Amino acid sequence: MKAIPLDAPVGVELHDLDMSVPFTEEEISVLREAFDTGGFVLVRGQELADEDQDRFVTSLGELHTFRWGTTVEYLSNVIENNPSLAGSRRLLFHNDGAYRQDIAAGTCLYAQDVSPTSPPTAFANTVRAYENLPEDIKDKIENLHAYNMFDTNDTDAEQKRMRLSNYPEDADLSTVQATEHPIVITVPHSGKKALFVNEFNTSHIVEYGPRSEEGEELLQTLFAAIYDDANTYMHHYTNNDLVLFNNLAVQHARVGQIDNNPRTLRRLVLKTLNW
């Protein structure tokens, strides 16, 4: 197995592997290194059975179990009675589960059936974004915290940023999941620092408060670093593409609305890593 860097600000592509059989220890070592340092791993052109994708991902750790009791989710506009909340709308950049205390380690998507009009997924390198910040901004944010939130009642056709300041002071927040995380985190294994704020879930900087103009200005500075065109990669799916990304080093977004043409991605989430 070889890990070849993509011509992009994030990611590697794996070559010379057969995903229909168990990996050797050497191959698992290459995969771990690609996940840690590349942040985003791409495999093209292998028709996978469900158990092949499962084996690939569980070679890195334990799978998350979704609220409906299985370890798999389908991001699909053709599967009937699909329990996924992802829907068909555009999705802003985010880290999966940033509004929870325990953050998923990674996510894997396998393109089972995608049309040429299927919207791509964009990926942003939060390690690189941090490294490119001016030193005075790094010093300013070193000990600050972000308030991240998600409202399960959010059903707007166009996804928007969750902000506590948009709610009346006496609002019922029982449908809101929220937590605080450091703005600067250290990514396991690589030891590199990354930004942990995102344009979907980050309401405000805790130390400034939900209605602080100064805090919002600082957040916008961080967003500009993360979502700069030079810091993002756009992946246009073809059938049998598999992507795996480190949820603490990379953010992702669905950049457009899904049309009526088929789009089915099989999704697994890494709850924890096993090394």
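**Figure 1. Four strands form an open sheet in the order 6-16-8-14, with antiparallel pairing.** Two strands count as paired if DSSP finds at least two bridges between them; strands (E, at least two residues) and helices (H or I, at least four residues) are DSSP runs numbered from the N terminus. Strand 6 and strand 14 (232-235) are the edge strands, each pairing on one side only. From one strand to the next, the twist averages 15°, with axes fitted as lines to C-alpha atoms and angles running from 0 to 180 degrees between N-to-C directions. This is a predicted model, in which local features need pLDDT of at least 70 and side-chain atom pairs count only at pLDDT 80 or more, whereas totals for chains, interfaces and linings use all residues. Residues are numbered from 1 along each chain as its sequence is written, and side-chain values use heavy atoms, with hydrogens and water left out.

**Figure 2. Strand 8 (residues 121-125) pairs with strand 14 in the antiparallel sense.** Four bridges join the two strands. Ala 122 stands opposite Met 234 of strand 14. Strands of a sheet pair through backbone hydrogen bonds, either parallel or antiparallel.

**Figure 3. The largest pocket holds about 1,000 Å³ of space.** A pocket is an open set of points on a 1 Å grid over the protein atoms alone, where a 1.4 Å probe fits and protein lies on both sides within 12 Å along at least five of seven lines; lining residues have an atom within 4 Å of a point. The volume is the space filled by probe spheres set on the points, which are joined across faces, edges and corners. Of the 41 lining residues, Glu 73, Asp 96, Tyr 99, Arg 100 and Arg 267 are the closest to the centre of this pocket. Strand 17 gives the most to the lining, with six residues. The lining comprises 16 nonpolar, 13 polar and 12 charged residues.

**Figure 4. The second largest pocket has a volume of about 230 Å³.** Among its 18 lining residues, the closest to the centre are Thr 37, Gly 38, Asn 125, Val 127 and Lys 192. Helix 1 (25-38) and helix 3 (126-131) each supply at least two residues of this lining.

**Figure 5. The chain contains five helices and 17 strands.** Its radius of gyration is 19 Å, close to the 19 Å that the globule rule gives for 275 residues, so the chain is as compact as a globular protein of that length. The radius is taken over C-alpha atoms, and the rule is 2.2 Å times the number of residues to the power 0.38.

Technical notes. Ala, Val, Leu, Ile, Met, Phe, Trp, Tyr, Cys and Pro count as nonpolar, Asp, Glu, Lys and Arg as charged, and the others, Gly among them, as polar.
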